[in-house]
Amino acid sequence: MIDQKPIISIVIPTRNRQKYALSCVKSILSIPDDRLEIVLHDNSLDNSLEYSIQELRDSRVKYYYNDSEMSTVHNFDYGMDYATGEYICYIGDDDCVTKDIVKISEWALKQNLDALIGTYLVNYNWPKKDKSSSFTIYPFNSKIKKVNVKSELTDFLQKGGVYYLKHDLPRVYHGIVRKQCFDKVKDKLGYYFGGLTPDIFASISVSCVAQNVMKIDYPLTVAGSSSESDQTHRTDKARNTKLKDAPHFRGRGEYTWSEIIPDVYSGETIWAESSIKALEEMGCSGIIKANLNKINLLATILKANPHQFEEVYNYAERKSLDKEYSSLKVKVSWKIYAMKINDFLSKVKNRFMKLIFAQKTIRVFDLENIELAVDYLENYLEKRKPKFLK
């Protein structure tokens with residue numbers, strides 16, 4: 001009998017969070033389908049998770065342990081080397097996938113999709129020391145739409161090139177991307193993931209090669225949040241961290257920061273750096289030159305990090321982003337003001353929508369682990385599945 005190629009590989013890079021990773025794997029293995037595989041790439045201080053995985057006795061799980069010093073980018077990259085599925089989906093070790101993931105991937109294959117974008121509709125907050133778990137399911141309509149990747153990428157750059165999740169771009173982290181697209185990226189670059197944030201780099205690099213992309217307003221994954229979840233950019237310590245000391249460089253090896261991005265440390269600069277790096281390395285520098293709005297880039301950074309005004313403006317002056325230095329300050333300040341007004345209006349709109357859909361938002365408490373949360377979700381989705389899943 002010839003082994004069947006998996007329709008989807010669910011790749012989970014993990015480090016020192018064995019409890020969450022094991023619960024995630026158990027939940028996925030409850031899907032009664034041999035057309036999936038789980039790739040668990042473990043960079044923990046020990047391989048204790050391996051023994052728990054062996055006890056599951058399920059050949060669909062591939063466990064690989066590597067205790068060498070490596071960045072998150074490398075942990076993502078090495079995991080892809082072992083994935084053999086037609087489609088790839090990355091999740092964190094405290095996340096999970098819905099039980100429809102294989103059937104949805106089968107549908108995507110019939111449509112010859114390069115990528116399928118889901119929406120972040122389901123959140124599970126793991127129990128914390130002084131707080132019980134909570135599980136939230138937001139309203140959805142299961143509608144499917146065709147995505148113009150080139151148009152979305154252009155709009156992303158015109159908005160400043162920072163928040164990729166606000167645009168309908170292919171994403172492998174909590175999304176589905178065809179392995180062939182990643183193979184094209186590796187053929188060109190020699191690796192799958194680069195930059196400093198692997199999810200952003202992958203989204204932008206795949207956007208350079210993906211053509212047939214759709215978005216569905218239906219949950220593909222469950223976004224988990226635990227007490228160990230990384231909160232790197234918003235801590236008091238991060239406010240005083242120099243770029244050269246940023247945690248993203250640990251184990252990353254030699255790295256050259258793009259001249260387009262202000263050389264200061266914040267979440268926004270790290271994210272923008274990964275986006276620009278992906279386009280530069282994929283040979284798409286022309287798209288950057290034609291579309292990147294540097295005023296929006298600076299305004300986005302400073303709106304979130306006002307304590308960095310002096311450093312960012314020093315960078316702008318060095319790079320001569322505007323002939324009149326004072327003119328640049330005025331432009332950026334007005335853009336920040338406009339962004340704040342837009343944020344306020346969005347909050348008003350969201351609150352209004354929450355009132356309308358209040359009864360459609362489901363919240364459940366005291367579910368001990370993500371396995372129970374996914375089981376609850378499966379029962380909830382039973383009568384709400386898209387037509388192609390029925």
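Modeller: Buried means under 20% relative accessible area with a 1.4 Å probe, protein chains only; exposed is over 50%, and partly exposed lies in between. Strands are DSSP runs of E, at least two residues; helices are runs of H or I, at least four; both are numbered from the N terminus. In a regular strand the side chains alternate between the two faces of the sheet.

Modeller: This is a predicted model, where local features need pLDDT of at least 70, side-chain atom pairs need 80 or more, and totals for chains, interfaces and linings use all residues. Numbering starts from 1 along each chain as its sequence is written, and side-chain values use heavy atoms, without hydrogens and water.

Colleague: Which residue in β4 is the bridge partner of serine 9?

Modeller: Strand β1 (residues 8–14) pairs with β4 in the parallel sense, over four bridges. Pairing requires at least two bridges found by DSSP. The β4 partner of serine 9 is isoleucine 88.

Colleague: Is isoleucine 38 buried or exposed?

Modeller: Isoleucine 38 sits in strand β2 (residues 36–42). Its contacts (heavy atoms within 4.5 Å) include Ile10, Ile12, Val25 and Leu29, leaving out residues up to four places away in sequence. Its relative accessibility is 0%, so isoleucine 38 is buried.

Colleague: What separates the C-alpha atoms of isoleucine 38 and cysteine 89?

Modeller: Along the chain, isoleucine 38 and cysteine 89 are 51 residues apart. Their C-alpha atoms are separated by 9.7 Å.

Colleague: Now the whole chain. What is its radius of gyration?

Modeller: The radius is taken over C-alpha atoms, and the globule rule is 2.2 Å times the number of residues to the power 0.38. For 390 residues, a compact globule would come out near 21 Å. The chain agrees with that, at 21 Å.

Colleague: What share of the contacts between residues at least 6 apart joins residues at least 24 apart?

Modeller: The chain has 14 helices and 13 strands. Buried residues make up 53% of its 390 residues. Of the contacts between residues at least 6 apart in sequence, the share joining residues at least 24 apart is 76%.
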